[in-house]
Amino acid sequence: MERSIENIWKKGFEAETKLSAPAISNLYKRKSGLIIQQINSTTKKDNLSLIPVGIIIFGIFVFIGKVLLGIYLAILIFGLFFLNRKMLKELETLNIRDSTYNYLLNYRKRIKNITRYTTWLMGIGFPLVVITAYWMFFQDTEVMSSFKQLNLVLEILLISGLALVLSALGILCYRLSTKIVYGELLARLENILDDMEHLMKS
Amino acid sequence: MSKDFYTQFILPFAGIIIKICRAYTDTEEDFQDYYQEVCLQIWNSRENFKEESKWSTWIYRISLNVCMALLKKRKRKQVRSSDYIEVQNIPTGENYFQDESLQLLYQAIRQLSELDRAIILLYLEENPYKEIASIIGTTPNNIGVRITRIKKQLKKLLDGKIY
């Protein structure tokens, strides 16, 4: 007798006992794992992109004859790469055997610490680097000699003003790039934590 | 997601979600992923549910949309990670079902296109053509024609195995 697909479906599911739903407690485990994986992979790629940037900057300054400045900037960029790598490795030391909720909480805490630390670094480090690079670039040029002719108060005011603008710019650029690259992933992480908290309360 | 919501609004319809997710996945790991994503999407979009349709229709709609989107995403990834895809290597899936004929039917359904899988699943679940058409976004006549074609295709795929 010919069996129709409708019959196979109907009879098959009548006898089926394996239609049990996965437990709700496991509902977030894999999803959060995937998000963490995505964040980790994005941060690694993001950090690795500093290497070609360092090489290109070094090449450009060597090409225009500012070797020392090229070395200085390349060292700083590679330094930033190693610093980031160290911070990212610390993320991997989190205890993944912990409960999903605790793991995510700790992960979020570390990410926030890294963000806070990098914001400080951009706010203070970026103006220092740019002003030093500016000084190295224009050293022994007319720009620098006309700057030196200004009175000391005006010089200090100008440098302080520039440092403030650069600091704000550095922080703004960092926040903006973080939002563009990680915004969606971090929002998903927050959503999962909110959901899990909601689930624990209900 | 609240436990109450899961127990009251998802669990009674878990069978629908499981049947659909199984048709779009080959491994237990993928199945768990898809099931989980469907549940979370149902929870996230619960406020968009308008009582013009049945809750079960809503579950079908979300389950199919999520599974088709995830499968497309997976296929794109596979294309990116491999220069060529071995077309003949069709995954057969693990033995999820005790009934051998059902297992074979699922293997055949997995060889259909994403949309055809959706249509035949809705048909086998005894949804009227009108409802299938509204979920898929086409006309009941078109659904009728497609079902005839899909059934022929399935029969060919199952030829000698079941019939």
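**Exercise 1. Determine whether Leu158(A) is buried, partly exposed or exposed, and identify the surface patch to which Leu158(A) contributes.**

Solution. Step 1: the structure is a predicted model, in which local features need pLDDT of at least 70, side-chain atom pairs count only at pLDDT 80 or more, and totals for chains, interfaces and linings use all residues. Residues are numbered from 1 along each chain as its sequence is written, chains are lettered from A and ligands numbered from 1 in the order in which they are written, and side-chain values use heavy atoms, with hydrogens and water left out.

Step 1: apply the classes. Buried means under 20% relative accessible area, exposed means over 50%, and partly exposed lies in between (1.4 Å probe, protein chains only). Leu158(A) has a relative accessibility of 44% and therefore counts as partly exposed.

Step 2: locate the residue. Leu158(A) belongs to helix α7 (residues 152-201) of chain A. Helices (H or I, at least four residues) and strands (E, at least two) are DSSP runs, numbered from the N terminus.

Step 3: name the patch. Leu150(A), Val153(A), Leu154(A), Leu157(A), Leu158(A) and Ile159(A) make a nonpolar surface patch of about 510 Å². Patches are made of residues with over 30% relative accessible area and no salt bridge; like charges are joined within 9 Å, and nonpolar side chains (Val, Leu, Ile, Met, Phe, Trp, Tyr) within 5 Å. Accessible areas come from the Shrake-Rupley method with a 1.4 Å probe, and for residues only the protein chains shown count as cover.

**Exercise 2. Describe the secondary structure and burial of each chain.**

Solution. Step 1: chain A has seven helices and zero strands, and 30% of its 202 residues count as buried.

Step 1: chain B has eight helices and zero strands, and 48% of its 163 residues count as buried.

Step 2: One of its residues, Ala14(B), is buried with a relative accessible area of 4%. Ala14(B) and Ile59(B) are 45 residues apart in sequence, and their C-alpha atoms are 9.3 Å apart in space. Helix α6 (residues 114-124) of chain B is also mostly covered, with ten of its eleven residues buried.

**Exercise 3. State which residues line the largest cavity, and classify them.**

Solution. Step 1: a search of the whole structure finds one cavity of 30 Å³ or more. On a 1 Å grid over the protein atoms alone, a cavity is a set of points where a 1.4 Å probe fits but cannot get out, and lining residues have an atom within 4 Å of a point.

Step 1: the lining of the largest cavity consists of Asn40(A), Thr43(A), Lys44(A), Leu88(A), Leu91(A) and Glu92(A). The elements giving two or more residues to this lining are α2 (29-48) and α4 (67-92) of chain A.

Step 2: by class, the lining has two nonpolar, two polar and two charged residues. Ala, Val, Leu, Ile, Met, Phe, Trp, Tyr, Cys and Pro count as nonpolar, Asp, Glu, Lys and Arg as charged, and the others, Gly among them, as polar.

Notes:
On a 1 Å grid over the protein atoms alone, a cavity is a set of points where a 1.4 Å probe fits but cannot get out, and a pocket is an open set with protein on both sides within 12 Å along at least five of seven lines; lining residues have an atom within 4 Å of a point. Grid points are joined across faces, edges and corners, and a volume is the space filled by probe spheres set on the points. A salt bridge is a side-chain nitrogen of Lys or Arg within 4 Å of a carboxyl oxygen of Asp or Glu.
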